[in-house]
Structures are given as C-alpha cells and as structure tokens.
Amino acid sequence: MRTIVHADMDAFYASVEVLDNPALVGKPVIVGGRPDDRGVVSAASYEARAFGVHSALPLRTAARLCPEGVFLPGRFERYAEVSRQVMAIFDDYTPLVEPISMDEAFLDVTGAPAGDGPTIGRTLKARVLDEVGLVVSVGVATNKLVAKVASDLRKPDALVIVEPGGEAEFLAPLPVTRLWGVGPRVRQALADYGVTTIGQLAAVPEETLRRRFGRMGYELGQRARGVDPSRVVSGQAPKSIGHEHTFDNDVTDRAGLDGTLLWIAESVASRCRRHKVAAGGVQLKLRYEGFETLTRQMQLPHPTTDGQLILEAARRLLDRALEPGRAVRLIGITAINLADAQQLTLFEDGPRVQRLAEATDAVRDRFGDKAITRARLLREAPARRFSDRPPEPLDK
C-alpha cells in the first residue's frame, strides 16, 4: 500500500509578496499588474478572493470588484527562488518528489524513515512555515488523485488524511468537478444523467460511461471509486521537457495566452540547460473548454536551449492551432527530440547563445532568479500566470 502526500502552497504568489512585505498582512493582494492594465490576475490572496477576484480575471474587473486591492506586478524569479527552498525541504523526506508546478508537488513517502504519512504531513507543514514563512496545505492518501483532492478540500492551511480503504467514501459527497477530467462540458453531460456528485458517478455502470465518453468514461469511473494507479515520478532522464498551465477560468484573450507562453518558454529552456539537453523540436498543447485537447509540433532548424527560439516556435504553432473566440483551459510547451547540448557547438550561433545562457544561469544560481531576466518578461509580467506543470493525461 502506497502512501502519497500532496503538498500545495496556499495562495503562493500573493503569499510570497506578503512574506517580503509584512505591511500587506490582512490586505487583499492581487498579483498581475496595475489595476488599469489590460492583463489578467495571476494570483489573489484569500482576502482578495472574498471579493470575487480570481486567477485569469481581467485586472480592470478585479479593480471594480476590489477597489481597495493592492495590485502588484508578478515577480516570477522570486517565486521560483522560494519554490526551490520549499522543494529542498520536500527532498529531505523522500527521493520520490514530483513537482507538478512551482507551488505544489507529490511525494511518495511509502516506508520513509521519517514516519508515516500523517506524521510527515504535519512535519512538512511545520518546517515550511518555520523555515520559509509560508503556509502549505497537505493531503495524505494511498494515491495521487485522492491526496490532491484532500489537500484542496479545506484550504487554507489544510491537513486532510484519507485512511486506506476510505477513498471512495471520502470522494462520494464531493461534486464531480473535483475529479481530473471533468470540465464544463463533461460536467454538463454528466448532469444530463442526473450525476452531480462523485458518489453518483461511481454508481453509473461502466458500459454507460464507455458509450458516452469512450475510454475516458472508464477512467472517470475508476477515479470516482478512488482508483488511481499513476506513480510519483522523479529523477529520470527526460525524454521530453515540458511545462503546462491550467487556467482557473477559461481564457479567450490572445495577449494573455502569449504572455503565458513567454514565461513557460523561459522555464522550459532553463530546465533543458539544467539537464544539459537541447530542444530539437517544440510541441504546443492546447486544451479548450471541456475536454477537447490538441497538440501541434514542429522541428527546429537546429537544437537549442534558447528560450526565445522556443517561444517563437510555440507562437507560430499557436497561430495555426487557435480557433478565434474559443476559450482555452490549458496551454503548454514541450521540448521534444532532445539532443545532447554539446551538439550546439556544431552550429554557427550555438557557442555564443550557449555561453550567454550558461552565464545567465550562473548569475541566477549565485544571486537569485531576480538578478537577471529578459526585459520582455518584466514588460509582459501582467499577462503571466506564474504556474506550470508537466503534461497531464486528462483535464482537471
């Protein structure tokens, strides 16, 4: 029997701002830009959420809902710096740590010497608060799905433990939207069957779900029963390197999508350099409202670790894939056809670009991520969402 911990930082980006400026304690903090900017909200403190402010909401709308809000530009480099501190604490408990975004991770603590799941969960919360100054919500269960639902259930400052064998009972009263794979369209389709809770979904015959949703129907039924065989994956040599972002609310604004691609491309490029590999191609992933997902990919002229080249390819792919007026739920970039980064020396501009990238990484490693960054990242910060995650098989 596995023991999985899901740890999720509460209102991470806003919380980092409050951490760095205690004068903001208790105030509605809204991260993303000025209230008159054309961008969208990247993150909101719980005080701001009480006014109806949420991620991906236009900043001008947020200003109307919360006129007393404290509007701040995002500081991606600082958030990444704090994220590394938190992840280092997680690494103390198990080598099986799978970060799925800057502010959350799965840990497989099965048989860990530090104790059982509940003990490790409590210790993690205490250490992150004491050593970093931030609050983390924790869910403990026998699989990733249930652990994540648990940590989300009683935010902020949650510690929810689901005992082995109690997975289905724990999920049963919750709305179906808590499950991975249930977006607006799937939710409506289930409502047509009179299904609104996970327990009701678990009772639907498998054949009925298969007829309506195909292979996805089987997976929905399994999840509704608390079954998730996926493993915590960490430390393997990458076959591809990708980041995705799932929006809290579906997005139609092209400028917002471009801004999100900007920082995702930088993150993918940075990870390629850390793994000493180069992207031979770029794949764009786009998920529309509901469950419709498409991918588009293209080969690059030569392998690269340059975030600008990865970004340009991703934007060309977005031009081809984006359907005007359709709301986007998720967007992501994956570096594919990875090559040894040393191959960059075969190309005329390779050594110069590589040396510049390595120098940039060295400065950030020594002085922090905010020490050096692209001017465009600062200029386009209001459009960024500051969250990324590896590819996921289904919507959530």
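A polar contact is a pair of N or O atoms within 3.5 Å. In this predicted model, such a contact of 2.6 Å joins the side chains of Asp-116 and Thr-119. The model also holds an open sheet of five strands and an open sheet of three strands. Helix α1 lies across β2, β3 and β4 and packs with helix α4.

**Five-stranded sheet**

- The strand order is β5-β6-β1-β7-β8, and the pairing is mixed.
- The edges are taken by β5 (97-101) and β8 (159-161); each has a single partner strand, so one side of each is left without a neighbour in the sheet.
- On average, neighbouring strands of this sheet are turned by 15 degrees against each other, direction ignored.
- Strand β1, residues 4-9, pairs with β6 in the antiparallel sense, and five bridges link the two.
- His-6 has Phe-106 in β6 as its bridge partner.

- Asp-116 sits in the loop that runs between β6 (104-108) and α5 (117-132).
- Its relative accessibility is 44%, and Asp-116 therefore counts as partly exposed, a class that lies between the limits of 20% and 50%.
- Thr-3 is 113 residues away from Asp-116 along the chain, yet the C-alpha atoms of the two are separated by 8.0 Å.

**Three-stranded sheet**

- The strands of this open sheet follow the order β3-β2-β4, again with mixed pairing.
- Strands β3 (43-44) and β4 (70-72) are the edge strands, each pairing on one side only.
- Strand β2, residues 29-31, pairs with β4 in the parallel sense over three bridges.
- Opposite Ile-30 stands Phe-71 in β4.

**Helix α1 and its partners**

- Helix α1 covers residues 12-20 and runs at about 120 degrees to β2.
- Helix α4 covers residues 76-91; the axes of α1 and α4 are 10 Å apart and meet at an angle of about 90 degrees.
- This makes α1 roughly perpendicular to α4, because angles of 65 to 115 degrees count as such.
- On the α1 side, the contact is made by Phe-12, Tyr-13, Val-16, Glu-17, Leu-19 and Asp-20.
- On the α4 side, Arg-78, Tyr-79, Val-82 and Ser-83 make the contact.
- By class, the contact of α1 with α4 has six nonpolar, three charged and one polar residue.

How values were computed. Residues are numbered from 1 along each chain as its sequence is written. This is a predicted model: local features need pLDDT of at least 70, side-chain atom pairs count only at pLDDT 80 or more; totals for chains, interfaces and linings use all residues. Side-chain values use heavy atoms; hydrogens and water are left out. Two strands pair if DSSP finds at least two bridges between them. Helices (H or I, at least four residues) and strands (E, at least two) are DSSP runs, numbered from the N terminus. Contact means heavy atoms within 4.5 Å. Axes are lines fitted to C-alpha atoms, for helices over the stretch in contact, and angles run from 0 to 180 degrees between N-to-C directions. Buried means under 20% relative accessible area, exposed over 50%, partly exposed in between (1.4 Å probe, protein chains only). A polar contact is a pair of N or O atoms within 3.5 Å; within protein, one must be able to donate a hydrogen and the other to accept it, and residues adjacent in sequence count only if both atoms are side-chain atoms. Angles under 35 degrees count as roughly parallel, over 145 as roughly antiparallel, 65 to 115 as roughly perpendicular and the rest as oblique. Ala, Val, Leu, Ile, Met, Phe, Trp, Tyr, Cys and Pro count as nonpolar, Asp, Glu, Lys and Arg as charged, and the others, Gly among them, as polar.
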